[in-house]
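User: Hi! I am new to this and would like to learn how to read salt bridges and helix packing. Could you walk me through them?

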Amino acid sequence: MKVGFIGLGRMGAAMAANLVEAGHEVTVYNRTPAKAQALAERGARPAARVADACQGDAVITMLADDAAVEGVVFGETGGVIGSLGEGAIHISMSTISDALSQRLAAAHTNAGQRFVAAPVFGRPDAAAAAKLFIVAAGAPDALDACSALFAAMGQKTIHISNEPPAANLVKLSGNFLIASVIEALGEAMALVGKAGIDRHRYLDLLTATLFPAPLYKMYGVLIAEQKFEPAGFAAPLGHKDIRLTLAAAEALRVPMPFASVLHDRFLTLLAHGGEALDWSAIAQLAANDSGQDTAR
């Protein structure tokens, strides 16, 4: 397929590289042009403007937040809405609010274009290995047209709904659950750690018995080793996702008390200078609160 890719952070660059590797004709755009250089060396075509990345069958956006997506899509001159061809598809793979997803779906329909929401579960290493889990929502014909792109970037695509905002709500709910696991692991490890129990042995016990899940193993190691840099998923993004989860919950009148706790945990981490840390660093707050030596 002839596809544009907008947003070349650690996730986006890896995803775009896999599209190139799979044989798609990929045009890449990033606000910082230098980030496109490595992809250009692999066969991608750098774009000088957003509009230049919107001349094919589809364009993928993989951006940090609602504001970044809005700026790229609704830009008065040369934005995605104004540049994408009739019947072409905008695939939004960013973690954004379901409210913005609703707005995007309506705007693309009014412009005679198609819209698919397809946020992903997986960190940069999974993106590089094309092992992402893709949560896709949109019209069946649009999803079918995107199947080859999804196959190049992920290990499994789950069609969750015909309505794009559903995918974004599912993604936010998933990140809420991951953050809940991180917080719970942090509190449990703070408890056993202060009692002098080896955290690695404790984690081995947990993952061999009660919680033999990849999520517990991956984040458990980061917490046990206090390895929060470099960030695979930065703390401000985690804070943003919990904030969006709470906004969706308020709109639907669904109380989520623990999401409020997580919001404050992220805020505490950021208030203490944790902007560059991985979001799993919220787990260290429990140890800090208990007076333990964080260098241990």
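Analyst: Gladly! A salt bridge is a side-chain nitrogen of Lys or Arg within 4 Å of a carboxyl oxygen of Asp or Glu. This is a predicted model, where local features need pLDDT of at least 70, side-chain atom pairs count only at pLDDT 80 or more, and totals for chains, interfaces and linings use all residues. Residues are numbered from 1 along each chain as its sequence is written, and side-chain values use heavy atoms, leaving out hydrogens and water.

User: Which residue forms a salt bridge with Asp 278?

Analyst: In general, side chains of opposite charge can pair when their charged atoms come close. Here the partner of Asp 278 is Arg 123, with the closest N and O atoms 2.8 Å apart. The two sit in distant parts of the chain, 155 residues apart.

User: Is Asp 278 buried or exposed?

Analyst: Buried means under 20% relative accessible area, exposed over 50%, and partly exposed in between (1.4 Å probe, protein chains only). Asp 278 has 1%, so it is buried, and Arg 123, at 15%, is buried too.

User: At what angle do helices α1 and α7 pack?

Analyst: Two packed helices are described by the angle between their axes and the distance between the axes. Axes are lines fitted to C-alpha atoms, for helices over the stretch in contact, and angles run from 0 to 180 degrees between N-to-C directions. Helices (H or I, at least four residues) are DSSP runs, numbered from the N terminus. For α1 (residues 10–21) and α7 (residues 140–153), the angle is about 115° and the axes are 8 Å apart.
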